[in-house]
Amino acid sequence: YTSNVQYTQFRQNDPFLNTATNGITTLAAYPRSSLNGEVNAFLSNNVLYSHLTKNLTNTAKVRYYDRKDNTPTITFANYHYADTGIATTAPLTRNPHSYSQLSIEDLLKWQANRAWGFGAGYFFERFTFANGEVDSTNEHGVKGFVNWTPYSWLTARSSLQYSERRYNTWLAGSTPSEAHAMRHFFVANRDRTKGNTIVELQVSRNVTVSPNGGLRWDNYPTDTVLNEVAALTNSLGTHYSRAWNIGTDLGVRVNPDLRLNFGYNHEEHNLYMESCCGASLAFSDANKWTTKITQKYNTFMAAADWKAIPGKLDIKADYVAAISNEANDTTKCTSGASGCTGNNSVGVTNPFPDEHNIFQRFSVMAKYYLDPAHVKRMGFGEVAIKARYIWEQNKNTNWATDNFSPYSPSAADAGGTDISNGGRSLFLAYANPNYTAQILALSLVGKW
């Protein structure tokens, strides 16, 4: 039996910034000088391992986490946004957001013989929320796994689980019509099937190959509270989110001082969504649009671990490249209304072109250990100098952002009293998806 208890306090008492810093003097006085932020977190993690028979074991786990937000509610009469805009029509209120998580799991494992091992169990997870969309969610599920080791050089592991999550009471203040087009994925009713498989094959003494694959099938059932409108035949929102992946890892031990690793993974996500109905349009089947989103990812990885001077100098390097594509198969509103998604593209069957992205990252780290004899005389157990270089680049082709301009428009350019309407800007390029970054770090590490 093992048990772990942890308690953490978070505090934020710094005074609010003076609004005159931005040259704005028309805001109402702050309701108080500081947030007076107070959050307390309690964690209890317990595991009971039992040997029922020689070949039968049971593992029971209970984990409880409570995040209590004691920060007083605060309401601002007005506030500024987009640098120069001032909101005066509605106050901005910050309410405390507390939640707790209870996880219970019981897993039974049977080692039938040297080659075969089987396991099955039940798990339960409950979230409770304060000032959330729902008061609580409950998820019940079952899982099972199989381990197969027919030879010392071959091992296969596979697992499968199914669960259903349901919220208790919907508390959000949104009217049904406002909530139809969106899903709150962390609280919405969900049926999930998840599985993973990995095979470890030792081809030779120094070469290991590990094919692997997995799937995650999330279905969101019809919700009578959020997604039912009498004028619509089917409910709105995301109907399903499904993903699968397959890949392999290759490990090569060139010699006792050099290890190489290579990997490839292909992953696909598929989502099906229905929504309605564009700005100022009535809820009806004619004003409804649907889309099937397919996201594909190809990830390549290479890494090296080299003891250049054993006991003196270690060098680790890794490179990752992720190539992705997103395709949208959208069916436009049959009403032809220009406010519906995609209907502004006359004569175009599928109005949204594919989005492409290439992400690359290279990292190399060298660690040099100082002479242990000198280090011990100084009273240390180990002293090392670490140097690290990181290069990262992202290239994105996206119809929605390709024509953005890297500037921040003035109020006159935006056509209003502030710059929030500057939809074709990147606001000084802070959100530009195309970038190259380099980092160089040097540190001294000591142990005693």
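This is a predicted model: local features need pLDDT of at least 70, side-chain atom pairs count only at pLDDT 80 or more; totals for chains, interfaces and linings use all residues.
1. Residues are numbered from 1 along each chain as its sequence is written, and side-chain values use heavy atoms, with hydrogens and water left out.

2. One of these salt bridges pairs Glu200 with Arg157 at 3.3 Å, N to O. Glu200 sits in strand β12 (residues 190-204) and Arg157 in strand β11 (residues 154-167), so the pair ties together parts 43 residues apart in sequence. Strands are DSSP runs of E, at least two residues, numbered from the N terminus. Glu200 is partly exposed at 33% relative accessible area; buried means under 20%, exposed over 50%, and partly exposed in between (1.4 Å probe, protein chains only).

3. Asp218 and Arg216 form another salt bridge, their closest N and O atoms being 2.8 Å apart. Asp218 is buried, with a relative accessible area of 2%.

4. Glu139, in strand β10 (residues 136-151), is also worth a look. Its relative accessible area is 8%, so Glu139 counts as buried. Leaving aside residues up to four places away in sequence, Glu139 touches several residues, including Phe123, Arg165 and Arg190, where contact means heavy atoms within 4.5 Å.

5. Lys447 belongs to strand β20 (residues 435-447) and is partly exposed at 48%.

Methods. Helices (H or I, at least four residues) and strands (E, at least two) are DSSP runs, numbered from the N terminus. A salt bridge is a side-chain nitrogen of Lys or Arg within 4 Å of a carboxyl oxygen of Asp or Glu.
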